[in-house]
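Please look through the sequence and the structure shown here before reading on.

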Amino acid sequence: MGWNRVQITRAAKVGAAADYAAFEAIGLSEMEHARVLDVGCFDGFNTVLKFAPYSGIACVKGIDPCEEAVDRARRACDDPRFSWQVCSLQDYDDADGPFDVVYFSHVLQHLPDKEEALLTAYDLLTPGGFVVVKTVDDGAKASWPDPDRLMSQVLALYDEAVRPYVAHTAHTDRYLGMRCGRMLSDAGFSDVGMTAKHATTVGMDAMARREFFERMVYFRRHVPEQSGIAAQRRMDELIGLWGALFERDDYYFDSPTFAVWGRRPFEGEALPSAARPAKPAQDGVWTLSAMTEDDLSDVMSIESRAFPEPWAPVAFAMELRHNRDASYVVARDERCGDAVVGYVGWWLQGERAVVTRIAVRQDRRRQGLGRVLLRFACLQAGKRGATSMELTVRSTNAGARALYRTLGFFEADRLCGYYARPADDGVVMVKELEGRIGGPLCR
């Protein structure tokens, strides 16, 4: 049995709501010059359907091992942003990367090594980029009333007599949906989220119910020869009985489609899982961890050089010991013996977060570390319920003000005479932290 193009096209249209919900969650409509890799694009119909509407996408690369399907995609698509390549994810040459989005639409569930595929997707993403996985979970389907458990019998017979003996389903996990989020976390992705869109028989007329039923069983009908005539007869019998339920007005069937997403952490951001293989330190890559009093020697060395009015060590110690609303994080660099090379601190005051301190060691400035620290503070504050991040900067510090603007801060107020040594006004800058993944707090 080969892939049924008609049914795949129908599934792409019916399941589009799950894709668009995931794309909204990761902020795809707000991305500019985004690069997308669609793994397992088949004939390109689903790829174009899902990504063509987004004007901020610069290019979409679709890959698939089926040469005939890729040729069809090339002939059908005249959008210059789309290109196609005959290859599997395992064989893909990432010379065109990195990507802002790697997309699996009903593909990950079929791959022999799903964990390795997610690690490959991680490596193909730019820091801050997203993986989106669309998949199924037969364990989440509902059939009622179904006193003879016909749905369960069909699904079990398919797993026993069909799936293992068909080349493109031999490794299929039909129960991936509910486990996919954990797999993304184990691969090193952060901010993992999930949505489920339900297709049900509610409100369907007889013809729509029949089409719905066919989408559920078309790939289950054809039992391979090695499973025997008895298995084929039993499958035909069960499908016939189950199909009769769809003809009843009082029968309820629900088949959810899952869309799961995760973000590759920014360079230097703490990884969410120890399962992500460690990589050697590279230029511009730092490890972030909570500040402790043992770090104060390094912190004070930076503090005293960064500020005309530095905090005293006891001020940091009191914050660490007693202020439950305060968070302080240090950045370490393996290239200099894991010494602290930067730090950031912030207070959480209800829905408002305030940066109290941010500094980078002089020989590590202009390497992106300040940006990493502030992004991390925004991300963590947002996770704890803050809707805005605020900081105050000297009016004469044009470089810092420009950096903060690139991170989404705007100038909200001016405090005359705020700084004493030397005398200067303070500029209050604010960044809105939206509660959805992919919003400004991630940018």
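## Strand β5 and its neighbours

Strand β5 and strand β8 (residues 252–263) run antiparallel and are joined by six bridges, where strands are DSSP runs of E with at least two residues, helices are DSSP runs of H or I with at least four residues, and both are numbered from the N terminus. Two strands are said to pair if DSSP finds at least two bridges between them. Within this pairing, F130 has R263 of β8 as its bridge partner.

Strand β4 (residues 99–105) also pairs with β5, here in the parallel sense and over six bridges, and Y103 stands opposite V132 in β5. Between β4 and β5 the chain passes through helix α5 (residues 114–124), in a β-α-β crossover that is right-handed, meaning that, with the strands pointing away from the viewer, the path from the first strand over the helix to the second runs clockwise.

Because nine of the eleven residues of β5 (residues 125–135) are buried, the strand is largely enclosed by the rest of the structure; buried means under 20% relative accessible area, with a 1.4 Å probe and protein chains only.

## Helices α10 and α11

Helix α10 (residues 296–306) packs with helix α11 (residues 313–322) at an angle of about 130 degrees, and their axes are 10 Å apart, the axes being lines fitted to C-alpha atoms over the stretch in contact, with angles from 0 to 180 degrees between N-to-C directions. The contact (heavy atoms within 4.5 Å) is made by L296, V299, M300 and E303 of α10 and by P313, F316 and A317 of α11.

## About the model

This is a predicted model, in which local features need pLDDT of at least 70 and side-chain atom pairs count only at pLDDT 80 or more, while totals for chains, interfaces and linings use all residues. Residues are numbered from 1 along each chain as its sequence is written, and side-chain values use heavy atoms, with hydrogens and water left out.

Notes. Buried means under 20% relative accessible area, exposed over 50%, partly exposed in between (1.4 Å probe, protein chains only).
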